[in-house]
Amino acid sequence: MTDFRALHVPGTPLILVNAWDAASARIVEAAGAAAIATTSGGVAWSLGLPDGDALGRDLAVEVARRIVAAVRVPVTVDIESGFGATPAEVAETVRGVVDAGVAGMNLEDGWIGGAAPLRPVADQVARLAAARKAAGDAFLNARVDTLLRGAGDVAETIARGRAYLEAGADGVFVPGTVDPAVIGELVAGIPGPVNVLTGPGAPTLPELAKLGVARISFGVAVATAAYSVVDRAAREAFGNGTYTALQGDLDYGRLNALSNPQ
């Protein structure tokens, strides 16, 4: 299997078109992906749950195991904020997904239901340190949600990124900006592989690569686009009774072939 860690090259970034189940993972792999990443939102919605730490450890591990078994390329999973209140519980989650065969995981500092949008740096450092010990050789990607949640500026983002790398993270994921100037500051200020989130309206992948990022994620965008087809098709069917939303669908035979055990 490809060395997942070696795929993180500033200027020649790893492109992750995020999947949420075995079928979407196989489609992305067949298109030429070097690795598969999950999206927590897509995974949660596919199981009838909201995004935001509602999935729970057991389901997260089970989905990871299914996706790892479905593809030949490395898999990195989004474990949200770790599905645990304590560093020890975060470590338990990390051990679970590592045992499922993943090559990496994202761990975010967003604090769902907490006293502030983000966990205090010291708390997140402790969670990352525990995750590092449990992760073994797996790639630990520390997500910094300052810009995404409007909870800090670029300087705060860089400070958190540096602290998280010192705690044992291998890379830093900063969603919430596609501004080339900001991304350039992040790359210059964070002494490790920088991961950004892209999507409609963002600079192109080659443009982002020129800024020196090492990893580019699509996040939840592919899942929301897929579910939007369901929404349009249903509304059209129950509205004027036509089927235009289904035009250009993926061929049944191709999708069924991709679903054969590998």
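Predicted model: local features only at pLDDT ≥ 70, side-chain atom pairs only at ≥ 80, totals over all residues.
Strand β5 covers residues 139–143, and five bridges join β4 to β5, the two running parallel. Between them the chain passes through helix α5, residues 121–135, and this β-α-β crossover is right-handed.

I turn now to the other neighbour. Strand β3, residues 75–78, also pairs with β4 in the parallel sense, here over three bridges. Asp 78 stands opposite Asn 106 in β4. The chain leads from β3 through helix α4, residues 87–99, to β4, again in a right-handed β-α-β crossover.

Is strand β4 mostly covered or mostly open? Residues 104–108 make up this strand, and five of its five residues are buried, which makes it mostly covered. In general, the side chains of a regular strand alternate between the two faces of the sheet. In β4, Gly 104, Asn 106 and Glu 108 point one way, while Met 105 and Leu 107 point the other way. The residues of both groups are buried.

Consider Trp 20 and Tyr 227. Trp 20 lies in the loop between β1 and α1, whereas Tyr 227 belongs to helix α10, residues 221–239; the two are 207 residues apart. Trp 20 has a relative accessible area of 12% and is therefore buried, the limit being under 20%. Tyr 227, at 32%, counts as partly exposed.

Which kind of pair do Trp 45 and Tyr 227 form? Theirs is an edge-to-face pair, with 6.4 Å from centre to centre and 75° between the planes. Because Trp 45 lies in helix α2, residues 40–46, and Tyr 227 in helix α10, this pair ties together parts that are 182 residues apart in sequence. Trp 45 is partly exposed, with a relative accessible area of 37%.

To conclude, Trp 20, Trp 45 and Tyr 227 form one aromatic cluster.

Technical notes: Residues numbered from 1 in each chain as written. Heavy atoms only, no water. Buried < 20%, exposed > 50% of the residue type's maximum accessible area, 1.4 Å probe, protein only. Helix = DSSP H or I, 4+ residues; strand = E, 2+ residues; numbered from the N terminus. Pairing = 2+ DSSP bridges. Right-handed = clockwise from strand over helix to strand, strands pointing away. Phe/Tyr/Trp six-rings, centres within 6.5 Å; stacked < 30°, edge-to-face > 60°.
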